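The following exercises are to be worked through with the sequence and the structure at hand. Each task is followed by a solution in steps.

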Amino acid sequence: MADYKEFKKVLIANRGEIAIRIARACKKMGIETVTVYSEADRNALHVRYADEAYFIGASPAAESYLVIDKIVEVALKSGCDAVHPGYGFLAENSEFVKACEENNITFIGPNTESMYILGDKTRARQRMIEAQVPVVPGMKDPVKDLDDALARAKEIGYPIMFKASAGGGGKGMRLIASEEEFKDVYDLAKGEALNAFGDDRMYIEKAIVNPRHVEVQIARDKHGNAIHLYERECSIQRRHQKVIEESPSMAINDEVRHKMGDAAIKAVTAANYDSVGTVEFLVDKDMNFYFLEVNTRLQVEHPVTEMVTGIDIVKMQIEIAEGKPLAYKQEDVKQIGHALECRIYAEDPDKNFMPSPGLITGLRLPGGPGVRVDSGVYSRGEVPIYYDPMVAKLIVWDVDRQNAIARMKRALNEYVVKGIKTTIPFHQKVLRNKDFIDGNISTDFIDKEVLVKPQPREGSLEVAIAAAAIKEFLREKELKKKLVEFNETCASGSPWKESGRRSAMFGASFGDIYKYST
Ligand code: MV4
């Protein structure tokens with residue numbers, strides 16, 4: 001069983017909040033940290049947080065964070081055993097994984113074979129069909145030509161989704177309502193795919209109307225052990241960018257939840273995956289779920305899962321890369337309470353979410369019970385124009401969704417960022433939306449609801465007070481039940497046992513618990 005190697009020093013090939021999140025896991029594990037930085041990031045927070053930092057080039061990512069040779073060179077020069085890619089940049093680049101392997105550096109992520117299978121959407125679909133994971137009804141192979149495409153679309157039935165095999169995350173995808181429309185856009189869509197991915201293979205799926213995006217966090221080690229860490233609801237998106245994520249999802253019940261978890265394990269096992277990862281599903285109005293794709297990386301929204309399970313996903317990912325067997329069995333993983341995450345972007349919501357880089361002249365981060373801030377910036381620090389404008393994530397945990405929403409509103413009100421515009425006011429608007437509060441969300445929520453309709457002001461109606469009183473009574477009852485359940489879980493060997501029990505009894509200060517364990 002001692003078939004593993006503990007890392008002494010890890011290179012973090014990323015920037016911003018995720019570089020810091022990874023460095024925190026390393027420090028907790030007694031691993032030395034090395035970061036890299038571009039010209040624009042000379043004074044960045046991730047550089048200050050790490051034990052060592054190396055300059056790797058000009059500000060554009062193509063000249064720094066994306067240059068494989070430079071990253072490998074720093075890893076060798078500084079004596080790192082492993083590289084953590086974070087998300088974005090080189091995280092899903094198999095050339096980078098190969099370069100690491102050739103230089104005896106462990107890539108903290110999946111093997112190249114599973115990346116190859118899951119990176120191509122038609123190949124992944126084929127593998128899932130063989131493994132009997134439910135996929136959206138549609139084609140197994142790419143279309144041959146327009147006539148083939150029209151014939152297949154007719155069989156499947158309009159509306160259809162015309163998707164690029166090499167796409168993913170909403171890129172290279174088109175909703176098509178009729179045969180006439182398909183004829184018009186066929187060549188255009190293929191051209192776009194060729195331009196974006198250098199690959200114009202396309203396939204057809206039945207379009208799921210008003211779907212929910214629900215994804216399952218999984219972990220599988222190099223010994224074939226696999227667990228899931230339940231789901232995240234990610235339907236609140238704007239132009240395929242997630243805005244708010246939560247766990248659990250309001251869209252599914254426990255029966256579907258467990259079926260989805262099992263399907264997700266089946267999916268990653270079929271690809272011989274060996275890291276932490278995420279299996280994306282679409283869920284329709286009847287709670288049918290369909291496999292979409294696997295994200296072969298640590299995701300931005302992993303903290304919501306950490307909050308409801310109490311498991312440090314980054315530590316788990318590093319241990320898997322070291323070759324250790326999973327520290328948890330499926331029955332050890334409990335989904336407790338409710339977590340929400342708001343992504344804080346340096347964007348101006350009043351100017352069509354235009355990026356708002358520049359000097360942060362003042363910053364006060366929220367805190368208190370159940371609040372976690374994964375931030376990549378500091379007061380008097382600069383937000384460069386060159387990279388993703390996400391500057392921080394605000395995550396809250398509470399015993400149920402209603403409490404979590406209230407806690408998130410409180411935390412957003414405490415959050416002060418001066419000098420640049422952020423999406424904080426936009427989140428406050430979403431949290432006041434009735435459909436959001438009721439859990440009535442689908443993927444067109446933001447365009448349809450929040451950006452168009454004015455939102456009610458806080459506490460304006462007397463009727464609402466009466467309704468709230470009734471709700472409060474019912475909620476109290478539900479809350480007491482939850483605390484009893486919670487303590488039973490603590491007594492039965494969950495990962496929360498050591499750190500969670502006392503604080504959870506006193507108003508659930510899970511943010512504080514988290515800090516001690518990270
Ligand atoms: C779909 C779909 C409807 N039917 N596939 C967008 C992200 C990418 N991973 C897949 N996406 C979709 N695929 C079929 N067959 C609708 C979407 C979709 C969507 C999905 C999740 C969250 C937001 C979305 C926004 C528009 C479209």
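A salt bridge is a side-chain nitrogen of Lys or Arg within 4 Å of a carboxyl oxygen of Asp or Glu. The model is predicted: local features need pLDDT of at least 70, side-chain atom pairs count only at pLDDT 80 or more, and totals for chains, interfaces and linings use all residues. Residues are numbered from 1 along each chain as its sequence is written, and side-chain values use heavy atoms, with hydrogens and water left out.

**Exercise 1. Salt bridges**

Solution. 
Step 1. Helices (H or I, at least four residues) and strands (E, at least two) are DSSP runs, numbered from the N terminus.
Step 2. An α-helix has 3.6 residues a turn, so residues three or four places apart point the same way.
Step 3. For accessibility, buried means under 20% relative accessible area, exposed over 50%, and partly exposed in between (1.4 Å probe, protein chains only). E179, at 23%, is partly exposed, and K183, at 45%, is partly exposed as well.

**Exercise 2. Two further pairs and a network**

Task: Classify the partners of the salt bridges E39 and R42 and D199 and R201 as buried, partly exposed or exposed, then name the residues linked in a network.

Solution. 
Step 1. E39 and R42 meet through their side chains at 2.9 Å, N to O. E39 has a relative accessibility of 40% and counts as partly exposed; R42 is partly exposed with 39%.
Step 2. In the salt bridge of D199 with R201, the closest N and O atoms are 2.8 Å apart. D199 counts as buried at 17% relative accessibility, whereas R201 is partly exposed at 30%.
Step 3. A network of salt bridges links R21, K28, E306, D312, R372 and D374.

**Exercise 3. An open sheet and a helix packed on it**

Task: Give the strand order of the open sheet formed by 3 strands, and identify which helix packs on the sheet.

Solution. 
Step 1. The strand order is β7-β6-β8, and the pairing is antiparallel. Two strands pair if DSSP finds at least two bridges between them.
Step 2. β7 (171–176) and β8 (202–206) are the edge strands, each pairing on one side only.
Step 3. Neighbouring strands in this sheet are turned against each other by 25° on average, direction ignored. Axes are lines fitted to C-alpha atoms, for helices over the stretch in contact, and angles run from 0 to 180 degrees between N-to-C directions.
Step 4. Strand β6 (residues 160–168) is joined to β7 by 5 bridges. K163 has M173 in β7 as its bridge partner.
Step 5. Helix α6 (residues 121–130) packs on the sheet and touches β6 and β8, its direction making about 105° with that of β6. Contact means heavy atoms within 4.5 Å.

**Exercise 4. The buried side of a helix**

Task: Which residues of helix α13 (residues 424–432) are buried, and why do they lie on the same side?

Solution. 
Step 1. The buried residues in α13 are I424, F426, H427, V430 and L431.
Step 2. These residues lie on the same side of α13 because they cover an arc of only 155° around the axis. The arc is that of the directions from the helix axis to the C-beta atoms.
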